[in-house]
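Student: Please show the sequence and the structure, so that the discussion can proceed by question and answer.

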Amino acid sequence: MTESIAFLSQTRPNCELSACGLTLNISRQRLTCVQYENLLQKAKDCGLIDKQRQMVDGEVVNASEKRQALHTSLRSEDINSPHYEEVNQTRERMYALARAVREGQWLGASGKKITDVINIGIGGSEMGPHAVYHALRDVNPSIRLHFLSAVDGILADRILGVLDPETTLTVVSSKSFSTRETMLNAELVNEWYAKAGIVGKEKRAKHVFLVSAKENACELMDLPEQNRFPIWSWVGGRFSVWGAIGLPLVIALGPEVFSAFLHGAYEMDRHMLSAEPEQNLPLTLALLSYWNSTELQMQSHCLLPYDERLRLVVAWLQQLEMESLGKSERPDGSVITSRTGQAVWGGFGNEAQHSFYQWLRDGSGRTSIDLVWCEEAGHRHAHHHLVLNANAQAQAQALVTRQTPSAEFFNAVSTICIKKLTPETLGAFMALYEHKTTMLATLYGLNAFDQPAVEYGKRLCRELEAKLAS
């Protein structure tokens, strides 16, 4: 197989696809035009786009939990999409609270304006919002957002030690309202408020909000019911940034920014469902990933953004793909013996050049790589941007050019150029990878929407915690 590998650009004249402000170049992928056409035929034969449409339309696609997977409904602008009314009502509540906080109408218990928000959540309740905030925050934000995720007291001290409880609002996000790390951190923050005299339901209601599917969550936290925003069973955590999990983003960035973020994702949803296969960005990424992992036996996939604002998208994508595809059983319980997914890793590209690129370029392995840059700068330092993008485009070629030519060890590189990083293009970019991931699950024969091994680990931790505490 390795002896016949060629770059796609050698047999296919047009290797660029564009949609939603993104341009994907696949010229450095390792397959021939005939092999690529066979992949497109495979997508047609297995009804890949039709299965995506079934997901969007609300059919039960999470077989093990007998649930829908309707993260697309959280950003849909189509009034006929499933659950449109309840999603819209929740979103309007989010926007109303955010405007009240940002305009100084919603004040803390002592009458002071809110200046900071703490997001308490872990996994999907932290990674998506954190990545979006890092990408879109102002240099000097009017409301600062902080992320308390792990049960590491150092992290808690560093956040709580510099904030004023009288001007801080906290959002506790847990779908089940039983995630141990989240609940322990919520208890700690409640104690922090209490030490400042913010005690009792009425005062705490000015500072603490919950995002959960558990209907009695507010009762458990001694808060009024209006302080809860719902998550629904038909949205998985790693796909949830578009809904109430994004409440801290709406407050910190503003409803207009969040609305634009949702619109960009919706436009990518529309593109995914309507574009011709040869021009379909999510379909293309999924097929190439499938080829690289199964045919070329590439065990890992590396994401290399050349823009500081996209740094945390690497961790978000890692969870999205590895939690969704890290399985070896089909929905019917049969065991899969072939590869399912890749190890996802990466880093900020310009820094990574001086860290692990040597391993990528000349090590004894095979890696698929997505290298990303923004055409327009998000700052006023023009020459910095020129040098950064020169690095990105040079490394795209360098990463497929070995010092010692080898038929056994090689990389396959795709590049994504974002014309300008805006809330819309960020939403489109993240939705692109969501669709890539769910399409890959179809190609591998997996359920992308459960995570049985994660739940098993949680149970073991609770048992061990009880033993250690006794």
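Student: Which residues are exposed on the other side of helix 5?

Tutor: This is a predicted model, in which local features need pLDDT of at least 70, side-chain atom pairs count only at pLDDT 80 or more, and totals for chains, interfaces and linings use all residues. Residues are numbered from 1 along each chain as its sequence is written, and side-chain values use heavy atoms, with hydrogens and water left out. In helix 5 (residues 153-160), A156, I159 and L160 are buried (buried is under 20% relative accessible area, exposed over 50%, partly exposed in between, with a 1.4 Å probe and protein chains only; helices are DSSP runs of H or I, at least four residues, and strands of E, at least two, numbered from the N terminus). On the other side of helix 5, the exposed residues are D157 and R158.

Student: Is T438 buried or exposed?

Tutor: T438 belongs to helix 16 (residues 423-444). Leaving aside residues up to four places away in sequence, T438 touches Q52, M55, F239 and F449 (contact means heavy atoms within 4.5 Å). Because its relative accessibility is 4%, T438 counts as buried.
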